[in-house]
Amino acid sequence: MSTTAPDPLATLGALPGVADAVDSVRKAVDRVYGHRVMRRRSNEVTAEAALRGARGSAALSGADWNLEEVRRRTDFSGGDESQVIGAALRLTAEAGQLLSIWRQSPLRVLARLHLVAAGGAAPDDAVGRPRLAGEPVDEPLIEAPLPDADEVAGRLEGLSGLILAGSAAPALVTAAVVHGELLALRPFGSCNGLVARTAERIVLIGSGLDPKSICPAEVGHAEQGRAAYVAAFEGYLSGTPDGMAAWMAHCGRAVELGVRESTAVCEALQRGAA
């Protein structure tokens, strides 16, 4: 008699309300991909979505700049907020280049993302590796207790195993779990929120839900506000069915708001006013 190992991500996808969120996201994504502008100017929509996604992720990390200021700037080596914006832009540019590596070695990708995000802003020996016992973490938005270094290492391995094993779960579920787990662990000394949201983006692209990267969930997370983001994340931390479902619904709404943003970009391009 053979037995099949349970699929924990698919189990989460079966939580009450999650299927509705998944269906709503799928319909929203299909609508924007069906826009007539996407047939001939999808590269422009992708570029604009990347810029807006980076701005949104940076806003959640404390650098809430006007979009046009982000667009205008070329030097992000100044103060703390400027460096956060620069890190978010670098991560967004890097995400699409890491898809094939993600499928083979998620931990390598996470290390690379931290290296890109830190950009010299962290001690060299702390860049691109999970934190060691006693090392501090700079992540002011998330105030939940920090797991110790041993727990971080074990749970990162577990997360990597889930990704490598594959799952029948919808992309939204996998992306929400990757995002939530990285926020919970805060495995690096800095830039954990930026890295977590970029990892979410990679899952959404690589899964085929958003292959052209035109549905920036980061925009939606920022639009819902930092307080709502933290409250939904506390649901993930609780580990309860209701809490997990609320986090996934929050992530789904973030994707839908990202779709709305890119739909507006498509409309502007169609009018010749982008």
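Predicted model: local features only at pLDDT ≥ 70, side-chain atom pairs only at ≥ 80, totals over all residues.
Local features require pLDDT of at least 70 and side-chain atom pairs pLDDT 80 or more, whereas totals for chains, interfaces and linings use all residues. Residues are numbered from 1 along each chain as its sequence is written, and side-chain values use heavy atoms, without hydrogens and water.

Helices α9 (residues 171-185) and α13 (residues 241-271) pack with their axes 9 Å apart, at an angle of about 110°. Helices are DSSP runs (H or I, at least four residues) numbered from the N terminus; axes are lines fitted to C-alpha atoms over the stretch in contact, and angles run from 0 to 180 degrees between N-to-C directions. The two helices α9 and α13 are therefore roughly perpendicular (65 to 115 degrees). Contact means heavy atoms within 4.5 Å. On the α9 side, Leu-172, Val-173, Ala-176, Val-177, His-179, Gly-180 and Leu-183 meet Trp-247, Met-248, Cys-251, Gly-252 and Val-255 of α13. By class, this contact has nine nonpolar, three polar and no charged residues, with Gly counted as polar and Ala, Val, Leu, Met, Trp and Cys among the nonpolar types.

Arg-201 lies in helix α10 (residues 192-206). Its relative accessible area is 7%, so Arg-201 is buried (under 20%, with a 1.4 Å probe and protein chains only). Leaving aside residues up to four places away in sequence, Arg-201 touches Ala-49, Ala-50, Gly-53, Thr-92, Ala-95, Ser-213, Pro-216 and Glu-218.

Four aromatic pairs are present in the structure, a pair being rings of Phe, Tyr or Trp (its six-membered ring) with centres within 6.5 Å. Ring pairs join Tyr-229, Phe-233, Tyr-236 and Trp-247 into a cluster. Trp-247 also belongs to the α13 side of the contact with α9.

How values were computed. Parallel < 35°, antiparallel > 145°, perpendicular 65-115°, else oblique. Buried < 20%, exposed > 50% of the residue type's maximum accessible area, 1.4 Å probe, protein only. Phe/Tyr/Trp six-rings, centres within 6.5 Å; stacked < 30°, edge-to-face > 60°.
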